Amino acid sequence: MVTRKNPIFDTATTLGKIFGFLGVSAICGVLVAGLLVPAAAVSGSAASGSIDFFDTLPAELKVDPPNQTTRILAADGSQIASVYSENRTKVGLDQISPFMTKAVIAVEDSRFYEHGGVDTTGIMRALVATARGNKQGASTITQQYVNNVLNANLAAEGNEEAIKLNGVNKGVGDKLREMKLSIALEKEFSKDQILEGYLNIVFFNRDAYGIEAASKFFFSTTAKDLTLPQAALLAGLVNSPSAFDPITNPENSKARRDLVLGLMLNQNKITQAEHDAAVATPVETKVTPARQGCAYASAAPYFCDYVLHLLENNPAYGAEVKERQRLIYGGGLTITTTLDPAAQASAQEQVNASAGANPDKWGAALVSLQPNSGKIVAMAQNTSFLPAEGGFDSQVNFSVDQLDKNGNDLNGLGGAQPGSTMKPFTFAEWLNEGKSMNTVVNASQRRYQLGYPWKNSCGVVTGAYNTAQKSLGAADDLQNAEPQFYRSMPVLFGLYNSINTATFASAAQLDFCGIQKVVDAVGLHSGLPSKDGEPNPKIDMSTLANLLGSTQTSPLTMASAFATFANDGKYCEAIAITSVTDQSGKQLPAQSPSCRDALKPEVARGVNYALQEVLNVGSGSLIQPRLSTRTNFPVAAKTGTSNLNESTWVVGHTTGLATAAWFGDALGAQNRPGRNLTFNGKFYESLDGYMIAGPMFSKYMAQMAPAYGTNPFPAPPPEMVNGTQSRTPAAPTVPTSPATAPAPAPAPSTPAADTPGNGNKKDG
């Protein structure tokens, strides 16, 4: 005969469940009586044995601050954006409505101020309720806080799979550890400290962690200003944020809120009148969406994104990228940047106006910085960071390199061909070698055959311009925009009128090694990695096409290079972050000005002298509104246009502000020629630097340059300007048509337009 189990002890029965639960809880009950209730006294071998067992459990609890929102600030302290993994803003208990503290205690742990971390009364109540088929929790606020802290620590370590949730994957050992830690916590912290920590860590909604974020999200208010019905609703939400969500489940939410209000009345935490008025109040939310990230920046989303990339790429913030991201998005950092909101607003206005509706998606970018520190004050482009119906949306930053110097992603376009904005660097080497800017060169020469005897003391010059040598791989002849400029002329005249043949004629008398040193000294480099993966490779000036700007370079790089002229020959690396502090106020690594001597002061002054003439009488004199020493304040600048007119520039500076304005094909790979286009109702047969980039630059500088200083540029040495007016010996050439007489220094009545020149044909 088969022996049957006694149904009284069958674990499937109610009594079986009770005995099973009691078997698990026997140790807990004894320990609770002995350790957690201050007035209790326990004796007997059973109790002491249980206590010995309990004492062997780990008591460690790393109460680190929970994940908090990181704020990105402009230089004036105004907020650009906030970023977070959990939307949370920590507040003190004195910044939380008393209604909220009373409500959460009433519904979650009415004996909070009486027990020692684990409530024996609550445990026994839960046992009885369970025996009656009504499952009930017994975790105190302290235990819930411990559980939240443990899970937050696991999340901070990137160990989310180990997180334990009540009633889901917790075992007996987990509950015992939680109880042990609760006891330890109560010995170390006051009740108010625990309550404050709990209200700052608890989850209310996927967009609201902690009471301050929940108050703002659901009611557009602060934790301090919560009303009684609002506080009761949020307190009831903690038990099940989804089931009691007032947005998706308003009826459930009201029933839960009213239950909390009833408990508060029963526990004498509110009066009958307060209760009745709150119950009569309808559930009404006033949601403030938690819009985090650079996409929702108040201004400068691309600058914001650039700042985050700088931090994510910085090993000082963690050995691995994930570690850095946890700190940045959860560390409650305050990141103070160099951005000037007024400058940013002006820059944004100019780029937005550049192409109007712009259905063909032509890009505009403007970046501006302080020459004496490298601090970026504005970074704008004519796109939306978020997808916009019918608009030009892109998350690629037109102003910066594709990668940083260590090969980390910057989310940048990588620049564009700078065209003739490269010419001032050859001119700088001309002055550096002691030559006068008014020395006359033979700008009639258009052909430079393969094997031409260029001077390069540190390498070999490559390339040629000679149609007769096409079979040997030579490029076309050099071309200028206007036929009257194939003649002899002063080097200064050739620069401010952007004459390609004049740039080559001067380079023919220079050491290319010197040109290379100038370019390197002012920080010029490619915005794209090399074919073998080298990030930001140097611009190889021994490649002839680079004299006229054939290597893609970013606007930020160009602005920094021109800033060297403004800063009397000192180059300062561009910086965006001046201060980073964590939630405790500790300073973390930021950026500080890093400047070096790059050019002789007199060389920088000579270049400034020449670049002012670009706007006065040269290729930039057609820019409207005009900025020149004659009409406003001293400004030096150079225009530039690529060979296909798809990349147009104006880069320039005052003594206090350097700016690069770019307009062109931001889609890149299509290589769309910038010809036969219409923007803002105006037809352009071919784009040129002065046409769209020019007004962007001039309007921005007219608005912002005075705030940063517009002192006159220091004058170059007289001999650098005057020198000899006689023609210098011509460099070796292939036979060409006879040169015309030397051109006078004044510009012609019709300035040369700054038209195509990516390195092999026309001026740019």
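N456 sits in the loop that joins β8 (440–442) to β9 (488–490). Helices (H or I, at least four residues) and strands (E, at least two) are DSSP runs, numbered from the N terminus. The model is predicted: local features need pLDDT of at least 70, side-chain atom pairs count only at pLDDT 80 or more, and totals for chains, interfaces and linings use all residues. Residues are numbered from 1 along each chain as its sequence is written, and side-chain values use heavy atoms, with hydrogens and water left out.

N456 counts as buried because its relative accessibility is 14%; buried means under 20% relative accessible area (1.4 Å probe, protein chains only).

| Backbone nitrogen | Distance from the N456 side chain |
|---|---|
| G459 | 3.4 Å |
| C513 | 3.3 Å |

Beyond its neighbours within four places in sequence, N456 is in contact (heavy atoms within 4.5 Å) with V461, D511, F512, C513 and S542.

Helix α3 (residues 98–108) is mostly covered, with 8 of its 11 residues buried. Among them are M100, T101, A103 and E108.

The axes of α12 (residues 301–312) and α13 (residues 321–330), lines fitted to C-alpha atoms over the stretch in contact, come within 9 Å and cross at roughly 130°. α12 is therefore oblique to α13; angles under 35 degrees count as roughly parallel, over 145 as roughly antiparallel, 65 to 115 as roughly perpendicular and the rest as oblique. On α12 the contact uses L308, L311 and E312, and on α13 V321, R324, Q325, I328 and Y329.

How values were computed: Buried means under 20% relative accessible area, exposed over 50%, partly exposed in between (1.4 Å probe, protein chains only). A polar contact is a pair of N or O atoms within 3.5 Å; within protein, one must be able to donate a hydrogen and the other to accept it, and residues adjacent in sequence count only if both atoms are side-chain atoms. Axes are lines fitted to C-alpha atoms, for helices over the stretch in contact, and angles run from 0 to 180 degrees between N-to-C directions.
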